[in-house]
There are 2 protein chains.
Amino acid sequence: MNKLLIVGTVAFDAIETPFGKTDKILGGAGTYIGLSASFFNLQSAIVSVVGEDFPQEYIDLLKNKNIDVTGLEVVPGGKTFFWSGRYHNDLNSRDTLDTQLNVLADFNPIVPENFKDADVVMLGNLHPNIQIGVLDQMSKKPKLVVLDTMNFWMDCALAELLQVMKRVDVITINDEEARQLSGEYSLVKAAAKIHTMGPKYVVIKKGEHGALLFHNKEVFFAPALPLEEVFDPTGAGDTFAGGFTGYITQSEDVSFENMKNAIIYGSNMASFCVEQFGTQRMEKLEKREVQERLQQFKALTQFEIALEN
Amino acid sequence: MNKLLIVGTVAFDAIETPFGKTDKILGGAGTYIGLSASFFNLQSAIVSVVGEDFPQEYIDLLKNKNIDVTGLEVVPGGKTFFWSGRYHNDLNSRDTLDTQLNVLADFNPIVPENFKDADVVMLGNLHPNIQIGVLDQMSKKPKLVVLDTMNFWMDCALAELLQVMKRVDVITINDEEARQLSGEYSLVKAAAKIHTMGPKYVVIKKGEHGALLFHNKEVFFAPALPLEEVFDPTGAGDTFAGGFTGYITQSEDVSFENMKNAIIYGSNMASFCVEQFGTQRMEKLEKREVQERLQQFKALTQFEIALEN
C-alpha cells in the first residue's frame, strides 16, 4: 500500500451555524484530511501537535481509522489549538470569534521514520515554515506534494509561502485567495500566474460552486453536489483535500487525467462532511455510501452529445 | 424543420462595463434568444414590437439569420424599448440606469399564422400577461414551452406569473429568483417547490457558476466555461435560453436526457456572448466555433472513474 503523509492541525473547534451550536469538539485540518483519506486503500500518518487536554478518545478515533499517530506530539501541560467561528445565514461566510494557538505556537513537526519515504505529502494549512520543515525531512522525493494555504499566510508570511510554493506540485486555495495571490480577477489568469510561482497544478475551490483544476492550458471542473441541507461547512475544504490526495495515493497515478477523478472524489467526500456538525458525518461514513454518491456525481455531470457535421 | 416561436423584447441597450461603454446598440431578450437559436437547424420567428426609430439594418440582421420577423410589429411614430445599465467591477451585479418602456407599454403580441403550430415556444422575460397572450394563440399544444422571467414580475405581477407558470414545461430563473419565488434558500428545495407550481423542469442559472437542471429527484449541472476575460454579461441568460430551446427544437427530443445536452449547448452559446459587447460576438459566430467549444465542455466535465468493489 502507498503512503500518504499529512501535516495539519489537530484541534478543538467551537462552531455556530444557523442550525445550532457546539461546545469544543474535535476539529483541525489534519483531522479532516485524515478522516477523509481513510476511505482509500493506503497507509496514512498525521504529523501534528496537541496539548495534554486533548482527549484520548479523539486520538483513538484517528487510530481506529488506521491513521498512524506516531507523529502526533502531545505536549505535557500544553493546551490544544482552539478555533471558534460563527457562520452567517447563507453559510458562505463566517466570522472567527476566537483563535488560541497554544501548543501550535512552538510546533516543530517530526516526520515518523517510516513515512519519510511517503508517496504523497499533503501539507495542510499551517505556517509555511512548518510545511517546509516537513518537506526537508523527506528521505526521497515524493511522487506528489499538495499544498493547502490561506489568505492569512499571504498577508503575514508571503515570502515563506512563495518558498514552499516552489517545492510543491499542487496548490489548493479558494477563489478569493487565488485572486489575492495572483492579483488577477479572472480565475483562468489567476491560475496561469500561480503556475509560474511553482505548482504545475492549481486547484481553485469555490465552495458550493465546486472546484476547478488547472494544468497549463487544460482545465477540469468538479461541481459540488447540490444538497437539500448544508448543516456545517467546517472542514469541507480539508475533507476535499483528503479525498483528492487519498484517491491519488491509492491509485498511484499523478497524471492530469487521474487528477480529474481525484477532484471528483474530493467533492464527493466534502459533500458528506457538510451534512452534520464537525467530524460527525465523516466518523460514521461508510465506503458503500461514497460509491453510491459517486453515481450521483456521474448523473450530475456526464452527458452524451453527438458532434454535428 | 421544426419550428421555434420566440417572444421577447427587441430593444436598444446602452451598456457600461469596466472595459468600456456603448451608445444605443441592438439588444433585447428576443434578439439574443433569436441569434443564439439561429445556430441550429430550425425555423424560428420572433414576436415583438419596436418603434419607428428602430433601424432597418437591425431588422435585416435578424432576417439574415433566417429569423421570421412577420410578428415583429413596427409602431408608426413609436419609440423602441430602451434599457441602460452599468456593471460593477466583478461583472456579477449591475445597476439599471434607465428603462424606457415606450412601445412595449401597449404591446399586444400577434403570433404569425404559420407559427401557431410551433413545436417549441420560448417565452422570453416580459409581463406574464403577454406570455399568456402568446400561449392563447397557439393552435396546437407545443411539445415544449419554456418560460423565462425575473424578480420584477415576482414583485409586481405575481398572480399573473403563477398563472403562466401552470402552463409551461420548463422555467429558467437565476438562483436569487428561485429563492425569492420559493422562499427556500437551498436550491434543491427551491426547485422542488417550483415544480409544484407547474414547471416539470426547473433550470436555475448561476451566471459564472453555471446552471442546474432539476426534474423530480434528478439533477444535472452545466458549468460556465472558465474564460480569460468576460467583457459584457448582457444577454448571457437569453443566449443560454436560445441555445437550450434551439437545440431541443432541432433534436425533437424533450426527454430529460436530451435536456442535459440542451443546457450544455445553452452554456456553450452563452460563453461566446460575454466575450464582446452586446450582440457583436453572436453576430459573427460560426458553427465551427460552437462545435470546437463543445469539445472544451467535454474536456471540462467528463471523467472516467472505475467503480470499486
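This is a predicted model: local features need pLDDT of at least 70, side-chain atom pairs count only at pLDDT 80 or more; totals for chains, interfaces and linings use all residues.
1. B:Asn66 counts as partly exposed because 13 other C-beta atoms lie within 10 Å, whereas a buried residue would need 20 or more. B:Asn66 sits in the loop of chain B between helix H2 (56–64) and strand S6 (67–68). Its backbone is worth a look too: phi is near 65°, a positive value in a residue other than glycine.

2. You will find A:Leu91 in the loop that runs between strand S8 (82–87) and strand S9 (94–100) of chain A. A:Leu91 has 19 C-beta neighbours inside 10 Å and so counts as partly exposed; the cut-off for a buried residue is 20 or more.

3. Next, please turn to helix H8 of chain A, residues 236–251. At 1.5 Å a residue, its 16 residues should span 22 Å, and the end C-alpha atoms are 22 Å apart, so the two values agree. H8(A) is also mostly covered, with 15 of its 16 residues buried. After the helix comes A:Glu252, whose phi is positive, near 55°.

4. The largest nonpolar core holds 188 residues. Those touching the most other members are A:Ile6, A:Val146, A:Leu213 and A:Ile263, together with B:Ile6, B:Leu213 and B:Ile263. What does A:Ile6 touch, leaving aside residues up to four places away in sequence? Its partners include A:Gly30, A:Ile33, A:Gly34 and A:Ala37, as well as A:Ser44, A:Ala45, A:Ile46 and A:Val47. A:Met122 and A:Gly124 are also among them.

5. How many residues does each chain bring to the contact between A and B? Chain A gives 28 residues and chain B gives 28 residues. On the side of chain A, the elements giving two or more residues are helix H7 (187–195), strand S15 (218–222), helix H9 (256–273) and helix H11 (287–301). H11(A) supplies the largest share of that side, five residues. By type, the residues of chain A that touch chain B divide into 16 nonpolar, six polar and six charged.

6. Finally, how are the two chains related?

How values were computed
Residues are numbered from 1 along each chain as its sequence is written. Chains are lettered from A and ligands numbered from 1 in the order in which they are written. Helices (H or I, at least four residues) and strands (E, at least two) are DSSP runs, numbered from the N terminus. The expected span of a helix is 1.5 Å times one less than its number of residues. A residue is buried if 20 or more other C-beta atoms lie within 10 Å of its own, exposed if 12 or fewer, and partly exposed in between; C-beta atoms are placed from the backbone. A nonpolar core is a set of buried Ala, Val, Leu, Ile, Met, Phe, Trp, Tyr and Cys residues joined through C-beta atoms within 7 Å. Two residues are in contact if their C-beta atoms, placed from the backbone, lie within 7 Å. Ala, Val, Leu, Ile, Met, Phe, Trp, Tyr, Cys and Pro count as nonpolar, Asp, Glu, Lys and Arg as charged, and the others, Gly among them, as polar.
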